[in-house]
Every structure is written in structure tokens, then in C-alpha cells.
Amino acid sequence: MSMSWLRRGFLLSMLALASVALIACSSDDEETTSVSTADSAASGESTLAKVQDRGILKCGISGSLPGFSQLEADGSYTGFDADYCRAVAAAVFGDATKVEFVETTGANRFETLASGEVDVLIRNTTWTLSRDSDLKQSFAAPTFYDGQGMMVKSSSPFQTLEDMDGATICVNQGTTTELNLASQFLERGLTYTALTFETTDLLQEAFLAGRCDGWTTDKSGLASRRGVYPEGPDALRILAVTMSKEPLGPLTRHGDDEWFDIVAWVTFGTFQAEELGVSSANVDAQIANPDSVAVALMLGVGYDGGDVTDMGLAVGPQFMQAVLQQVGNYGEIYEKNITPLGLEREGSLNALWINGGLIYSPPIR
Ligand SMILES: N[C@@H](CCC(=O)N[C@@H](CS)C(=O)NCC(=O)O)C(=O)O
């Protein structure tokens, strides 16, 4: 056996060992969960055609996160994410009510999308490289720029993460939260024990029972659940620290660019409408007599007696009309759902870019 074969044999056994280590580590890292893109993506079937044939959009949400997606007593869903599901339905059907909401957990959401059980996932989900490349899913555009926080009992002494050395932290499974918690504590030289839960309801039970010192997730998620905490919001305190970047937004499966474009441009359309001052209150007047060429292009109407420009989106040039009439622009969706959580938009990353934030639409033209 030559030296090069010996070396190759050594390298192969190291690779085999490394893959065993990866499998062993996979239980605490959802990014290694195998997800099949078998259904519509691989078969090349158009998601738009499937949605149109079915007559209803299947939208994956959480369902237990007030302000984002929440099941109400009358069986309806409210929230920012639920409204983005409605916006996509309005663009496809001209009817924002044509949505079947499918509740997903942090751990099963990607498989639910990959298998074709839902057409789009709009569930406080963070855009990361591995979700694009490993899970083969595409993020349309961030609709809410967030960061990870830590919540503790108000009666506890904790003010910083450093105060929490050795603490037990409750966290949702299959989330970026789990991964950031590990890297943040590692970098700070702190130890902790993680208790992981599939749903926030189970996590809250454990927290109420005193099984965890800290509760970590996106700061918006903490504000949302603090507001409905059984002992009242004042029993909880959110620490100042922000542990990560969490750009949240809608996602679709790889392999269907036509469908991705629809979800992306409905999202951008809500940003563009706010920037141009078009809302549910004035959209009909703007359809009849648009203020500017940019408004005419966004609404798919002619300007000053001119022709309609069809930019080739598969749902036709007027897709934003029903979105704005029935759901509203970004500012309206934010104001209705997120402002009540106490999350100030002004001065935050979620302000329009013209006001110093990151909410920015590429040109609709
Ligand atoms: N943005 C993070 C966290 C998402 C997440 O699962 N958050 C929890 C806490 S805010 C949640 O949605 N809980 C609601 C539920 O249990 O359905 C991610 O994409 O991994």
C-alpha cells in the first residue's frame, strides 16, 4: 500500500468519525434534521396552480403567539403573520378570507412546508443561511427585524446574562434561539442547563412551576407572551441584552420561483404602499386617480389616461388592489398587531427606510 493510499485511508476514517459526531449532535440542532423537498418542488408542479385549483391558500403559522398569530375564541386567527397569510390570499384570489391556517411548531414547521402540507410558512421564522441551503427554503423578505432576548421573574436578582451563570434556561426546540443561547453562553464563559419544549405553552408551564430561571426567545415573542402571562406581565422582566439578529419573514420551498416571486412582491408591495401613502382608507381613490406613476404601477392602473403596465407577476398587475383594500399596508398591519404588544416602531429597524429603518421595497416597475 502506497503512502497516498495510507493517507487516504486515514482521511476516510476521520470523515467517518466526523459524520458519527454530526449525527450524535443532531438532536440539539434542527438544521441537521433531514427535510425532503419531494412533493411539488421536485415534481415541478406549480404551487400557484395547486393553490388556485384548491381554491384556498394553506398558510403555516404558530397560532399561540398573540400579535403574530393567535387562535381566537370564535375560531378565527389574528396577528401580523396571519395578516400576511391573508395578503397572499388577497393577491391570488382577490379574497383575503381564502386562507386555511395550519398551526406548526418550531420543530415541525420546515417539514410542514417541505412536504407541501402548506404553501407558505409565515411563522416568526428567522432567515439564516442553513435554512436556505440545508433546508432548501427561500425567505421572501424580512417583515419584522428582531433579536433574541432573555426574560426572568421580576422577583429574581438577574439583570445581565453574566448574573445567570449556572442557570436553567427554558427554550423552544428547533429554533435559532437554542443555537444562539449555546453560542452566547459559550462566548461569555458561562454555564447553563437548557430545558427544551416543543411549544411555548409547555415552556410557560415549566416556567410557572419554577423549573427555569430564564425564558429565552425572540424579543417580540417574549413581549407577546409576557402580555398574557397568567400571573400578569409585571411578574416578568425582559433583560436589556439582545443576543442575536432575528430577521423574521415568510418563506417558500426552493424550486418554484414563480410562487416565491408572488410571496416576495406581495410583501414588498405592503412596504411600497406605506412609503407612497396608499392605505386601505384611500386605495379606491388611488385606483380611480393615482397620485403618481409609482402608485399607478403598484396598483396596476394607468396614469393620466395611459396604459396599464403588466410586469409579468403570475397573479396579474392588479394584485396589490385587494391586498390594500382588505388587509392594508405595512404600517397598518404593524399598528394593528404589533403596537399593542408595546413594541415601538419609531426609531426601530422596523421603521420605513425613509424614516431610518430597514423596511424597504425594491422598485415596482
Ligand atoms: N425566530 C426563531 C424562534 C421561533 C419560535 O419558535 N419562537 C417560539 C417562541 S416566540 C414560538 O413561536 N412559540 C409559539 C408556539 O409555541 O407556537 C426561529 O425562527 O427559530
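Let's start with the disulfide between C59 and C85, where the sulfurs sit 2.1 Å apart; a disulfide here is a pair of cysteine sulfur atoms within 2.5 Å. The torsion about the S-S bond of C59 and C85 is about -70°, so this disulfide is left-handed. It links distant parts of the chain, with C59 in strand 1 (residues 57-61) and C85 in helix 4 (residues 80-93), 26 residues apart. When I say helix or strand, I mean DSSP runs numbered from the N terminus: H or I over at least four residues for helices, E over at least two for strands. Both C59 and C85 are buried. Buried means under 20% relative accessible area, exposed means over 50%, and partly exposed is in between, using a 1.4 Å probe and protein chains only.

Before I go on, a word on what we are looking at. This is a predicted model, in which local features need pLDDT of at least 70 and side-chain atom pairs count only at pLDDT 80 or more, while totals for chains, interfaces and linings use all residues. Residues are numbered from 1 along each chain as its sequence is written, and side-chain values use heavy atoms, with hydrogens and water left out.

Back to the cysteines. How many disulfides does a search of the whole structure find? It finds 2, and the other one joins C170 to C212, S to S 2.0 Å. This link is left-handed, with -85° about the S-S bond of C170 and C212. C170 lies in strand 10 (residues 167-172) and C212 in the loop between helix 8 (200-208) and strand 12 (214-218), so the pair ties together parts that are 42 residues apart in sequence. C170 counts as buried because its relative accessibility is 0%, and C212 counts as buried at 5%. Counting bonded cysteines along the chain, the pattern is 1-2, 3-4.

Now the ligand. There are 20 residues around the ligand, and the closest are S62, R109, T126, T200 and D218; a residue is near if one of its heavy atoms lies within 4 Å. On the nitrogen side, an N or O atom in the side chain of D218 is 2.7 Å from a nitrogen atom of the ligand. Taken alone, the ligand exposes 510 Å², and the protein buries 98% of that; these areas come from the Shrake-Rupley method with a 1.4 Å probe.

One more residue I like is N350, in the segment after helix 14 (330-337). Is N350 buried or exposed? It counts as buried, because its relative accessibility is 3%. Its side chain reaches the backbone nitrogen of Y145 at 2.7 Å. Beyond four places in sequence, the contacts of N350 (heavy atoms within 4.5 Å) include T143, F144, Y330 and I359.

Finally, how far can we trust this? The mean pLDDT, the predictor's confidence in each residue from 0 to 100, is 90 for the chain, and 88% of residues reach 70 or more. Over residues 1-42, pLDDT stays under 50. Where pLDDT is low, the predicted coordinates should not be read in detail.

Technical notes
Polar contact = N/O pair within 3.5 Å; in protein donor to acceptor, adjacent residues only side chain to side chain.
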